Amino acid sequence: MDFHDVVRSRYSVRKYQDRPVEPDKLARVLEAARLAPSGSNRQPWRFVVVRDADTRRRLVPACNDQSFIAQAPVVIAGCGLMPDR
């Protein structure tokens with residue numbers, strides 16, 4: 001599959017199964033994010049893995065009131081570390 005096929009076939013998930021995400025799958029996603037390029041390899045970000053249902057519910061207002069955030073079994077919050085940019 002070439003890059004354009006990947007881009008054309010992407011979709012946004014808005015409904016989730018009520019089951020935990022397997023640790024190996026979560027690790028692969030986080031590893032892919034860790035390997036993403038950044039200027040001078042600074043990686044000015046941190047990722048926070050949110051599994052707690054109450055915390056996910058409290059994230060909804062910060063996510064433009066998108067209620068599916070609370071329904072996902074895991075949320076990965078990307079936090080930038082360079083507030084001046």
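Modeller: A pocket is an open set of grid points with protein on both sides within 12 Å along at least five of seven lines, and a lining residue has an atom within 4 Å of a point. Note that this is a predicted model.

Biologist: Which residues lie nearest the centre of the largest pocket, and how many line it?

Modeller: The lining has 18 residues, and Tyr-16, Val-21, Ala-72, Pro-73 and Val-74 lie nearest the centre. Two or more lining residues come from each of H2, helix H4 (68–71) and strand E2 (75–80). H2 gives the most, with three residues. The volume of this pocket is about 470 Å³.

Biologist: What makes up the lining of the largest pocket, by residue class?

Modeller: Its residues divide into 13 nonpolar, one polar and four charged. Tyr and Pro count as nonpolar here.

Biologist: Why is Ser-38 called buried?

Modeller: Buried means under 20% relative accessible area. Ser-38 has 19% relative accessibility, so Ser-38 counts as buried. Its place is in the loop between helix H2 (23–34) and strand E1 (45–50).

Biologist: What does the side chain of Ser-38 reach at 2.8 Å?

Modeller: At that distance it reaches the backbone nitrogen of Gln-43. The side chain of Ser-38 also reaches the backbone nitrogen of Arg-42, at 3.2 Å. The cut-off for a polar contact is 3.5 Å, and both pairs, at 2.8 Å and 3.2 Å, are within it.

Biologist: Which residues does Ser-38 touch, leaving out those up to four places away in sequence?

Modeller: Ser-38 touches Gln-43, Pro-44 and Trp-45.

Definitions and conventions:
Residues are numbered from 1 along each chain as its sequence is written. This is a predicted model: local features need pLDDT of at least 70, side-chain atom pairs count only at pLDDT 80 or more; totals for chains, interfaces and linings use all residues. Side-chain values use heavy atoms; hydrogens and water are left out. Helices (H or I, at least four residues) and strands (E, at least two) are DSSP runs, numbered from the N terminus. Buried means under 20% relative accessible area, exposed over 50%, partly exposed in between (1.4 Å probe, protein chains only). A polar contact is a pair of N or O atoms within 3.5 Å; within protein, one must be able to donate a hydrogen and the other to accept it, and residues adjacent in sequence count only if both atoms are side-chain atoms. Contact means heavy atoms within 4.5 Å. On a 1 Å grid over the protein atoms alone, a cavity is a set of points where a 1.4 Å probe fits but cannot get out, and a pocket is an open set with protein on both sides within 12 Å along at least five of seven lines; lining residues have an atom within 4 Å of a point. Grid points are joined across faces, edges and corners, and a volume is the space filled by probe spheres set on the points.
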